[in-house]
Each structure stands twice: as C-alpha cells, then as structure tokens.
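Open your viewer and get ready to select residues one stop at a time. We will begin at the ligand and then move on to charged pairs and aromatic rings.

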Amino acid sequence: MYVGGAKNSALKLMAASLLAPGRSKIHNVPDILDVDVMGQLLERLGCTVAIAHPQDADPTRGLISGTVTIDVPQELKWEAPYELVRRLRASIAVLGPLVARCHRASVALPGGDAIGSRGLDMHMRGLQELGARVWIEHGQVVADVPDRFAGANLWLDFPSVGATENLLMAAVLAEGHTVIDNAAREPEIVDLCQMLISMGARIDGISTSTLVIEGVSSLSPVEHTTVTDRIVAGTWAFAPAIAGGTVTVEGGVHAHLDLVLDKLAASGAEVTDHATGFTVSSDKQLKAFDVVTLPFPGFPTDLQPFALALASISEGTAMITENVFEARFMFAQELARLGADLRTDGHHAVVRGRRELSGAPVVAHDIRAGAALVLAGLAAQGTTTVAESQHIDRGYPYFAEVLRSLGADVERMNIL
Ligand code: UD1
C-alpha cells in the first residue's frame, strides 16, 4: 500500500501560505475532510482555494494525494470563526501568520480530537514575547501587535508541535533575530521550515531543538510537496504485527519511525527496508514491549493506541506510558471490551497479553483510537463493529479500501 502526504503537515503548510500574497501550491495533500475544512477557513480569511484530488484515486497504485492551490490576497480578513475552527485543532496554526500579516487576529479556541486538555499557553506566551498583546475574549484568542513582531529569545516548557509552528510562522516576518529553544523537531516541523525557506525565510537549526530565525520583511508564494505521513506509515507497520501477514509500505520513511520499527523487529516481526519504503511481516504471537511516548524522535503519541492493541495480544506484559496527551487512555476502555486484559493508572497502562481478543461493538473517540480498534477487531474472533468511524476518515484516506486490498474483511456501514 502507498502512504500519501501527512495531514499534520499539509494543514500547517496551508496556514503558512497566508504569509505571502499570491498563489501558493501544495502538492501531496491527503484526501481528508480536515484539508477541506482548512480550505474553507482560508476562504473565510479572504483566500481563494482549489483542492484537486486525482479523479481515478487508487490507494493500491499510489494515486491518492492531491494539490491545493491557494490564492492569498494582499488584504486578509483576520477573524477565524468558531464554526470552522472548532472542527479542527490545526486551525490555531493561522494565528501566527494572521498577526504577522494583519498585525491582529481573532481566532476561535479550537476543537479537535478528545484526547486531552490541549492548552494554548505556550502559543500565547511566545507571541507575547514577540511583542504582541494576546488575550482570550468570548471564546476567541485575540492578538495584536503595533507593527511587525520583534525578534526575541523564546523557550518552550515542552516541545509543543503546535506552539513551535505558530511561533516559527510569526518569527519569520519579525524584525530581527528569534531563537526558539526546546522547539519540537517532528518531520512535519522540518517540512514547514523547508516550505518557509523556499518562501524566502531565513531559518537555521532545522531538525534540532533550537531554531534560529532571522526575520525578513516579506515572503513569496511557492510550490511545495508535503512530507509523507509517518503516522499513517506507522499504522500500516503495526497492521501485520497485530493482525498477521505482510504489508509493504511504499513511501514509508524508516528514519521517521526508527524507534517504532526497532521495537516491532525486537518483538519478533520481520522488518525489511527497500528503496522506496519498508515491509513488515508477522506470522506468530509477538513478544510484549514497553512504550513511553515522547516528542520526536521518541515514540509518537499518535501510535500509542496501536502499541496498546498489539500488547493486548502479545506474549508477556507491557507497560505503556503516555506523556503527551493525558486522555488518550479512553481508548483502553474500548479495547477492554474486546477482551484485552489491561489496567490504567494516571498516564500508565499495564497490559497482560493474551492469545486472542473477541469481537464486540466499540466506539472510536479519535482518529488513531478508531484505526487501532479496527486493527484489533481484525485480530479478534468474530465480528467487531466500530461506531463513530468517521473519526478514522479524518486521518486515513481510503482506510477500508486499503485494508480490503490487503485481504482484510472490512465493511463500511452507514447507520443513521
Ligand atoms: C500535534 C498533532 C497531534 C500529535 C501532537 C504530538 C496536529 C494537527 N496534531 O498536536 O496529532 O499527537 O502534535 O505529536 O499536528 N500543550 C500545552 N500548551 C500549549 C501547547 C501544548 O499545554 O500551548 C500541551 C498539550 O495539551 C499536549 C502537549 O502539550 O498535552 C503536546 O501538544 P502539542 O505538541 O502542541 O500537540 P498539537 O500541536 O496539539
């Protein structure tokens, strides 16, 4: 199967296009609802957005990703309304670019997945340190700066992906020099840096935890190709480990998943690299392994539900520690409905593996939990029905089609 562009990158690249008036094109954009919602948000801000996906999309042959063309006007509107923002967390990424371009912005407090409190304190404090006034009023984050942002030395309490992105997009148009210390360094941040550099930004320290930015007075529109989705690639690496069989992940980048693939290999799965991706195979019960989620290059929180699902049918006991999103273990209750033997306490889960799960009706509370429940359902005896499966479609284009092409017995049901 083929992996397309990363959701968590494409949405931020779309927001970054706001930094330069003119036409930007972003290629390798996944065909998911969140991209449409971000497109609608950019239109509300005054842009013209065209999203083109291949007519003959075929996930088995790699024709899955499209192009978004964004025409950004000289004068942007600066209010991002609740009805769009609440539908995706990533919409907060327009805050930095809007204040940089319009010197003010009002962005509704975002929604997104039910996986934790997801504060904005680091976004707000960083923008304040760059010279903005930032406050919350009637459910909106409101910010203004008298003129351009002023470069500053910033230190994040935690390498937050969203805060790093917002502050980076503010700093590229600031007057002077900015340092973002303890910055996130996920491949999606590297991708954003690369697009900003092609737009004319001056950024050093890419892929390290210290980003150094020399502000410029304007940027130019660009064409950019989105990085491959490492979380989708990681999901398909877990699929044969959980449900058995062999999956070749075309476009999967091993270096983005070093720790994950090492753990799968150490547990007894076979992992082989080839020029354009990697293959994972498993035909036996794997050995349980512990997981501690951490910012990149640590074990990604977005793959934690798959580790939990795998541990539930592995040989031995695993301790899973969630350090990034406190509410991610809501998924554990659903997995227990399939017969998993697990206990959670705060941000730890202890899972005692058993040979088999048994199918049951379960509910998907977020994108990754939904996909992990489907994979666990494939490993379970009998039928599993995953309700609220629309969450899965927000992160995985053609999820059921890809699974069927791999031989899984999966059906999408429309229940009203
Ligand atoms: C992004 C990803 C998400 C991924 C996460 C961590 C998108 C759209 N989503 O989310 O899939 O799981 O990175 O890799 O790209 N926090 C604060 N204050 C802040 C900012 C964050 O307390 O100002 C907390 C959050 O509540 C969370 C933790 O920091 O507990 C990490 O959040 P962050 O890295 O910012 O994740 P997102 O950008 O929201």
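**First stop: around the ligand**

Three helices, α1 (7-16), α5 and α6, each supply at least two residues of the shell around the ligand; helices here are DSSP runs (H or I, at least four residues), strands are runs of E with at least two, and both are numbered from the N terminus. This is a predicted model, where local features need pLDDT of at least 70 and side-chain atom pairs count only at pLDDT 80 or more, while totals for chains, interfaces and linings use all residues. Residues are numbered from 1 along each chain as its sequence is written, and side-chain values use heavy atoms, with hydrogens and water left out.

Which helix gives the most to the shell around the ligand? Select α5, which contributes 3 residues.

Now show the 19 residues around the ligand; D121, M122, S160, D302 and V324 come nearest. A residue counts as near if one of its heavy atoms lies within 4 Å. The shell divides into 7 nonpolar, 6 polar and 6 charged residues. In this grouping, Ala, Val, Leu, Ile, Met, Phe, Trp, Tyr, Cys and Pro are nonpolar, Asp, Glu, Lys and Arg are charged, and the others, Gly among them, are polar.

Next, look at individual atoms:

- S160: a polar side-chain atom lies 2.6 Å from an oxygen atom of the ligand.
- D302: a side-chain N or O atom is 2.6 Å from an oxygen atom of the ligand.
- G119: a backbone N or O atom lies 3.3 Å from a nitrogen atom of the ligand.

The ligand has 750 Å² of accessible area on its own, and the protein covers 87% of that (Shrake-Rupley method, 1.4 Å probe).

**Second stop: salt bridges**

How many salt bridges does a search of the whole structure find? The search finds 10, a salt bridge being a side-chain nitrogen of Lys or Arg within 4 Å of a carboxyl oxygen of Asp or Glu.

Select D71 and R23, whose closest N and O atoms are 2.9 Å apart in a salt bridge. D71 sits in strand β3 (residues 65-72) and R23 in strand β1 (residues 22-30), so this pair links distant parts of the chain, 48 residues apart. D71 is partly exposed at 24% relative accessible area, whereas R23 is exposed at 51%. Buried means under 20%, exposed over 50%, and partly exposed in between (1.4 Å probe, protein chains only).

Move on to E188 and R230, a salt bridge with its closest N and O atoms 2.9 Å apart. E188 belongs to helix α7 (residues 187-198) and R230 to helix α8 (residues 230-243), so the pair ties together parts 42 residues apart in sequence. Are these two buried or exposed? E188 is buried at 6%, and R230 is buried at 9%.

**Last stop: aromatic rings**

The whole structure holds 3 aromatic pairs, counted when ring centres of Phe, Tyr or Trp (its six-membered ring) lie within 6.5 Å. Select Y396 and F399: their ring centres are 5.2 Å apart and their planes meet at 50°, so the pair is tilted. Planes under 30 degrees apart would be stacked, over 60 edge-to-face, and the rest tilted. Y396 is buried at 1% relative accessibility, and F399 is buried at 4%.

Key:
Polar contact = N/O pair within 3.5 Å; in protein donor to acceptor, adjacent residues only side chain to side chain.
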